[in-house]
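My entries follow the structure.

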Amino acid sequence: MKYVVLIYSNPATWGALPAGEADRVIRVHNDLIDELTGSGEFLNIYRLAHADNARTVALRDGVPAVTDGPFGESKEVLASLWEIDVEGLDRALEIAGVLTPYATVEVRPLMDAAGMEM
Amino acid sequence: MSGAGRVEDLLRELAPQVLGALVRRHGQFDLCEDAVQEAMLAAAVQWPRAGVPEHPRGWLVTVASRRMTDQVRAERARRRREETVAARTPADALVAPGPDADLPSAADDTLTLLFLCCHPALSPASQVALTLRAVGGLTTAEVAAAFLVPEATMAQRISRAKQTIKAAGARFAPPPVEERADRLRVVLQVLYLIFNEGYAASSGPDLQRAELTTEAIRLARELHRLLPDGGEVAGLLALMLLTDARRPARTLPDGSLVPLASQDRSRWDAAAIAEGVALVTATLARAPIGPYQLQAAIAAVHDEAARAEDTDWPQILVLYELLERLAPSPVVTLNHAVALAMVRGPRAGLDLLATLDDDGRLAGHHRLDAVRAHLLELAGDPAGAREHYRAAARRTTSLPEQRYLEGRAGRLEP
C-alpha cells in the first residue's frame, strides 16, 4: 500500500532550536530514510524550500491572482513529503511517529489506477 | 510470435530449473539467484540475435555457474585479504554439465524453489517479488514495473528477502512432511495475490501489471502439473481461469468498471470457462473440498449463466454457506449477503451485513458500504443507498472504483 507522509513544521520553532538538537532530529530522519531504503519501503522524498519561496495562486474576481507564501494564517507549513510503500496503515503510522518531534505528520493513502468491479 | 517473445517464454520456463540445478550444486541460494538472473539477462540479449543454443538449459547452467564461481572467488579473495588466511586451493573444478544432466529432478526443484520463495518468514510483498523473479524468471525491472515502484526499491526488497530466508536457516530442500500442507497454503496465497494484483489492473494506464494474471496462471498451471492430486491447487487454477475469462468484459475502453450483472457476456473467454469448469468439476468429484474449489465452483455458476438473470443464485447461496463453514471471513460473509439477497430478498442480505458491523474487521471498509448501498437500492431505499455509495466512494483508494461508486450515487439523486 502506497502512502505519502506529509511533514508540517513551524520554521520559527526550527530556527530557535539549539544547534545540537536540530542535528539530532536531522539524524533521526536520515537514519529512518536509510532503514526504509534497506527494507525496500522507501520510494521518494521531496524536501520543500522555505515557505518564503512559496506563491499561492487563487481566483480573485474570476482571474488567477498570485500572493506570496502558503495559506495565510497557519504557522505550520508543509516542509517535506515522503512517498512510501508499506504493508499497511499501521506501519505507515509507525514511520510517521518517528518524525513527530517538532512536526505534525499527516499520513494519506495514494489512489490506485486499479480496481475491482462490484 | 516474435523471436524475442519465444526466447522470453523459454527463459521463464527454464529459470526455476536452472536455479534449482545451481543451488543443488553450489548451495547458497542468494548468490545462485543473482547468478541465474545475470545469465538470463545475457541470454535475453544474445539469443534473439545469435539464435537459441542447442541445449538452452545447459547453456544457462554453464553461464550462471561461471558467474557463481567468479563471485565465490572474489568473495574468497576478499576474505583472504581481510583475514590473511593461508591461500586455499580454489575449489573450482567446474565442469560444464551435460546438456540436461539435472533434468530428472527439474520438477522437484521448481517445487522446492516455490516453497523457499514463499517462506513464512517473509512478508507477502517479499514472497511475491521473490517468486516472480526466482520462479517466474522476471527481471527486477519487470517486477518493479508491475508494482509501480523504482527498480532500486524492488532490487532492495528482493535482496532483503534472500537475507531473511538465509537468516531463517532455510535450506534448499522440500519442507518437512508435517509442515507441507501449511507451506503449500502459503504458496497458493502468493500465487493468488499475484493474480489479483494483475486482475485489478487490467485496464487504464497500468497494463504492465495486467501481465501478472498471465504469469500467475502459468505458475498455477505448473504447480498443478507437479501436484496433480492437490485439490486446492486445481481449485486455485480453476478459480483463476474462471475469473480471468471475464477480463475482456469487466472494463470499458476508458477504464471504467462494469459490474458482473451488466457485463457483455459474449466477450467472456469461452475456452477458459470450459477449461475452468471441467477442472473444478473433476476436482470436486475426487479431492477433499477446500476454499479455492468452492470459490471456483461459485465462479463457474456465474460463468455458466448466459444472461445475468439466468444466474443460479440458490446454487451460489449453498456454495457460500459451505464456504462460510469451511473458511469463515468477513469478506466471505459480505459475498454471502449478496447471494442471500438474491435468493431471499434484499432485507435478508442487509440483516446478514448487520453482523459485520459488530465484527469490526471490515468496519470503515469501502466494500461493506458498497454492498450495503447496493442492497438498499434493491430494497427501494434510494436515499440510504446514495449515502452508502458516497461513503464507499470516499473510502476506496481506487480511482475506477471511486468513479463507479460516484456514478451509482449520482443516478439516485432525487
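**Entry 1: helices 17 and 19 of chain B**

I looked up the hand first: helix 17 of chain B and helix 19 of chain B cross in a left-handed way. Left-handed here says that the near helix is turned anticlockwise from the far one by less than a right angle, and right-handed says clockwise. Helices are DSSP runs (H or I, at least four residues), strands are E runs of at least two, and both are numbered from the N terminus.

I note that the model is predicted, that local features need pLDDT of at least 70 and side-chain atom pairs pLDDT 80 or more, while totals for chains, interfaces and linings use all residues. Residues are numbered from 1 along each chain, chains are lettered from A in the order written, and side-chain values use heavy atoms without hydrogens or water.

Next came the angle. Helix 17 (residues 366-378) and helix 19 (residues 399-411) of chain B pack at about 30°, with axes 12 Å apart. That makes helix 17 of chain B roughly parallel to helix 19 of chain B. Axes are lines fitted to C-alpha atoms, for helices over the stretch in contact, and angles run from 0 to 180 degrees between N-to-C directions. Under 35 degrees is roughly parallel, over 145 roughly antiparallel, 65 to 115 roughly perpendicular, and the rest oblique.

Which residues make the contact (heavy atoms within 4.5 Å)? Helix 17 of chain B gives His366(B), Arg367(B), Ala370(B) and Glu377(B), and helix 19 of chain B gives Glu401(B), Leu405(B), Arg408(B) and Arg411(B). I sorted them into two nonpolar, one polar and five charged. Ala, Val, Leu, Ile, Met, Phe, Trp, Tyr, Cys and Pro count as nonpolar, Asp, Glu, Lys and Arg as charged, and the others, Gly among them, as polar.

**Entry 2: helices 4 and 5 of chain B**

I found helix 4 (residues 106-117) and helix 5 (residues 124-135) of chain B packed at about 155°, their axes 9 Å apart. Helix 4 and helix 5 of chain B are therefore roughly antiparallel. Their crossing is right-handed.

**Entry 3: helices 12 and 13 of chain B**

I saw the axes of helix 12 (residues 270-286) and helix 13 (residues 291-304) of chain B come within 10 Å and cross at roughly 135°. That makes helix 12 of chain B oblique to helix 13 of chain B. Helix 12 of chain B passes helix 13 of chain B in a left-handed crossing.

How values were computed:
Contact = heavy atoms within 4.5 Å.
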